[in-house]
Amino acid sequence: MNEFDLRKFEDEAQEQWTHAFESNPSSLEKFYLTVAYPYPSGAMHVGHGRTYIVPDVVARFWRMRGKQVLYPMAFHVTGAPVIGISKRIANNDPKTIRLYRDLYKVPQNVLDEFTDPLTIVRHFASEYQRVMTACGMSIDWRRRFTTVDPTYSKFIEWQWKHLYDAGHVIKGAHPVRYCTVDDNPVGDHDLLEGDKAEVIRFTLVMFRFGDAFIPTATLRPETIHGVTNLWANPNVTYIRAMVDGKAWIISHEAAEKIALQDHTVEIQEEIAGKDLIDKTVSHPLCGTVPILPADFVDPDMATGLVMSVPAHAPFDYIALRDLQQAGKYAKIKPIPLIKVEGYGEIPAQDAVEKSGITHQMDSRMDALTQEIYSAEFSKGKVFDTYGGKPVRVARDDVAALMIEKYDSKIMYEFDNRPVICRCGNKVKVKILHDQWFLKYSDPLWKKQVSDQILDMSLVPPEVRLEFDRTVDWLKDWACTRRVGLGTRFPWDTTQLIEPLSDSTIYMAYYTIAHKIREIDAKLLTPEVFDYIFLGKESPDLPEKKKLDAMRKEFLYWYPYDYRFSAKDLISNHLTFQLFHHVTIFPKDKLPQGMVVFGMGLLNGAKMSSSKGNVFLLEDAVNDFGADTVRMFLMGSAEPWQDFDWRNELVISTKKQIERFYNTVSEIKDAKGEPHDIDRWLISRLQSHIERTTTALTNFQTRQALQEAYFGIETDLKWYRRRLPENSDGSRELHTLGSVWVRLLAPFIPFTGEHLWKQLAGEGLVSFASWPVANKKLVNTRIELAEELLTRTVEDIESIMKLIQITPKSITISIAPAWKYEIFLTIAKAQDKNTVIRDIMKDETMRKRGKAATDAAKQCTTLIHRLPPYVIEPLTRESIDEMNVFEEAKGFLEKEFGVPVHVTSAESSEHSKSATALPFKPAIIIE
Ligand SMILES: [Zn+2]
């Protein structure tokens with residue numbers, strides 16, 4: 001055979017699959033699964049591949065188990081990213097052109113059309129469909145839609161009417177992430193970097209400097225009495241600006257930020273940082289402090305100037321100490337003002353010295369700062385001279401006082417930077433007025449979601465904590481944007497509903513997507529959707545017959561059984577969709593389960609389209625075949641674990657499929673009479689069926705492949721070894737082939753269809769019935785006997801390797817019955833520690849003396865070593881070891897090419913016979 005060509009099977013199967021996976025309500029039990037729909041702004045890579053192949057394997061599995069399965073797909077084209085892309089392409093931005101032309105392989109004539117954003121999403125949506133189909137995804141494509149379809153917009157309007165009526169849509173002023181280039185709030189999806197950054201509220205403490213203020217941002221206004229100096233960066237050029245009519249000295253960056261936060265800013269002149277050094281400022285409460293030089297002060301952090309509290313801030317402490325060690329500013333001493341248990345008089349000094357940190361660039365500085373911050377916040381108390389209050393109370397009191405009497409202002413800033421927009425611009429915090437929000441902060445709404453989470457099946461179970469945490473932390477969400485594609489916001493049509501807010505209940509829309517298209521969008525009033533989804537009658541509903549058909553679809557399919565998505569969507573999409581569901585749908589239509597995926601790596605590094613570190617799914621299919629890609633992605637890790645794509649490993653997966661193909665092709669015509677070993681093979685097959693079924697029921701694709709592929713392959717190898725000479729195997733092999741092909745069909749459906757036909761199976765394997773384990777065919781005794789034989793053969797092989805002589809004979813010496821008695825007593829014992837003492841209470845055992853205690857110890861070790869699937873049946877089923885080896889004598893002699901003797905250890909003269917144990921005979925090679 002030439003190079004094994006999987007592609008041939010792909011064409012064959014595709015022809016038979018057209019329309020095969022279109023799924024309608026039926027009398028069967030349904031299984032409805034959905035995956036987060038893609039945003040088609042680029043080509044699919046193998047990471048996307050896994051996201052959609054896992055649910056496909058699950059869909060195929062349940063279909064074969066006789067359920068009516070629905071796996072739909074649509075495209076999310078809402079938002080601004082493609083608008084940015086089309087602009088950059090129109091401007092001939094070289095990086096964007098390279099990405100689209102070279103990495104995504106968009107033909108030039110298509111690329112030329114990309115100046116229209118809708119063309120981009122339309123192009124990639126059909127690319128997605130083409131590549132998904134090439135990967136064998138069993139999707140009902142009739143239900144495909146995009147989120148800018150007029151009928152979909154009508155559905156979103158209906159959804160928002162319910163949210164609004166429930167009081168969840170509010171208007172207000174709020175600090176939000178904002179991109180000044182796009183002139184738009186920035187959602188999680190629009191970020192290139194910084195998705196973990198949170199908006200933090202700082203208090204600006206105003207120090208007077210001549211006729212101007214120097215504002216410094218702090219999270220700890222209660223430490224104001226401990227300020228010994230300010231820090232300014234001598235290498236930065238600051239500016240003097242009129243802020244709301246008062247002069248401020250701040251960085252350029254700060255001026256831009258402040259202007260976005262309800263202040264008028266007018267820049268007057270530049271001031272060199274070095275000119276500020278050693279000047280003094282008036283402390284807002286009393287006295288003066290100097291401005292000292294510090295390179296670490298970042299002009300892009302808050303105002304670009306910092307107040308220094310060396311007694312309570314490790315950074316300040318070290319920076320001051322460094323200057324003093326260079327002989328400067330010796331007179332400045334830290335001023336402590338907070339007492340905290342576990343720390344000395346000057347907590348920052350204490351913590352720095354204990355940690356052994358000697359330099360401000362030490363990577364542990366952030367952790368140390370956090371440690372002091374938390375300790376002082378949770379158990380610190382301000383000195384009595386300053387009011388004696390706990391820090392947590394004093395902080396808010398001082399902040400309020402400073403704002404009221406001492407000119408302090410609020411400034412919003414990110415806790416972590418950089419935060420970068422998809423367009424490449426730095427994201428800032430802007431206070432938006434007349435901004436619409438979803439009120440996720442509402443405790444009652446949160447409670448409804450928490451209650452629903454309790455009733456859901458979450459895979460893997462440990463993500464439950466992350467869901468709970470997200471619900472807990474979620475704040476109000478800016479839900480409209482000024483720029484982008486999408487549905488107009490009903491209460492302000494200059495705005496659009498943003499992408500994470502129009503993608504929360506579309507799983508319900510799938511159920512009707514192929515039918516609603518037949519109705520004119522203009523007729524789709526909220527009453528129409530109230531009827532379809534909620535069963536609410538109202539007069540004059542249009543197209544009643546069509547609506548009834550849609551209601552039937554919805555009632556059949558909903559609620560969805562499982563939703564699949566990557567774990568980074570827990571903190572937004574996966575939780576948002578629960579909020580929306582609990583508001584709109586009745587209890588019996590709420591989500592039932594979610595499966596959360598790990599991340600994809602490419603040669604050990606995180607996959608990232610924007611960084612070019614991706615391997616395109618279509619290239620993978622062309623290079624290795626769709627089945628190889630599927631089997632590799634499913635077998636290299638469980639869905640919730642991270643997987644790592646490495647071409648060299650993918651090649652070995654292809655070889656596995658080739659071996660499987662060749663084996664099934666060989667055995668399909670096997671006709672011989674069954675031998676003893678056939679009973680073993682078929683018995684083992686039952687447990688592979690059972691374990692594969694359990695694994696797939698639990699979404700463990702890797703575990704399922706271990707059983708279904710490697711488990712059966714290993715058995716077949718042993719089976720062939722054990723066949724009598726001149727035998728090719730029996731007709732049981734045909735049975736095994738039929739089971740094997742079906743167990744692997746969800747993973748490698750193309751090869752599956754081809755082999756199914758070769759085996760003369762009925763119809764498509766995609767719809768063949770999933771194998772069911774037959775307990776009657778399980779023969780524990782035979783399985784144990786073969787297990788014993790396999791282990792003994794392995795033992796003989798390793799001894800032969802060790803002694804390196806040409807053997808003349810092999811003697812297998814079987815343990816005596818009394819050792820069996822000990823072995824079983826220990827194996828069955830609840831308390832393995834006291835069992836040896838109990839055994840030795842028996843008089844006949846005691847008579848054996850040391851031999852018995854030694855045997856008991858050795859049996860204990862052996863029992864620990866043997867797997868449970870050996871020990872457990874051994875306690876129920878006795879096997880006659882002598883008989884097993886007598887029967888296998890011919891086999892062993894053939895394997896090792898020397899005479900084999902089987903003796904009982906008791907009758908053997910050889911000293912080594914004394915080491916024989918149950919399930920581990922002594923082996924004497926001479
Ligand atoms: Zn931007």
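Which spacing do the donors of the zinc ion follow along the chain? In this predicted model, the spacing is C-x2-D-x238-C-x1-C.

**View 1. Zinc site formed by Cys 179, Asp 182, Cys 421 and Cys 423.** The protein donor atoms are SG of Cys 179, OD of Asp 182, SG of Cys 421 and SG of Cys 423, at 2.2 to 2.3 Å from the zinc ion. The site is tetrahedral, and the angles among the four donor atoms run from 91 to 128°.

**View 2. Asp 182 and Cys 423 at the zinc ion.** Asp 182 sits in the loop between β3 and β4, and Cys 423 in the loop between β18 (420-421) and β19 (428-438), so this pair ties together parts 241 residues apart in sequence. Asp 182 is partly exposed, at 28% relative accessible area. Cys 423 is also partly exposed, at 29%.

**View 3. Open sheet of four strands.** The strand order is β4-β3-β19-β21, with antiparallel pairing. The edges are β4 (184-185) and β21 (477-478); each has a single partner strand, so one side of each has no neighbour in the sheet. Two bridges link β3 (residues 169-179) to β4 in the antiparallel sense. Within this part of the sheet, Tyr 178 is opposite Pro 185 of β4.

View 4. Apart from neighbours within four places in sequence, Tyr 869, Val 870 and Phe 919 are in contact with Glu 787.

How values were computed: Residues are numbered from 1 along each chain as its sequence is written. This is a predicted model: local features need pLDDT of at least 70, side-chain atom pairs count only at pLDDT 80 or more; totals for chains, interfaces and linings use all residues. Side-chain values use heavy atoms; hydrogens and water are left out. Two strands pair if DSSP finds at least two bridges between them. Contact means heavy atoms within 4.5 Å. Donors are N, O and S atoms within 2.8 Å of the metal (3.2 Å for Na, K and Ca); water is not among the atoms, so sites may look incomplete. Four donors count as tetrahedral if all angles lie between 85 and 135 degrees; four count as square planar and six as octahedral if opposite donors are over 155 degrees apart and all others between 65 and 115; anything else is irregular. Buried means under 20% relative accessible area, exposed over 50%, partly exposed in between (1.4 Å probe, protein chains only).
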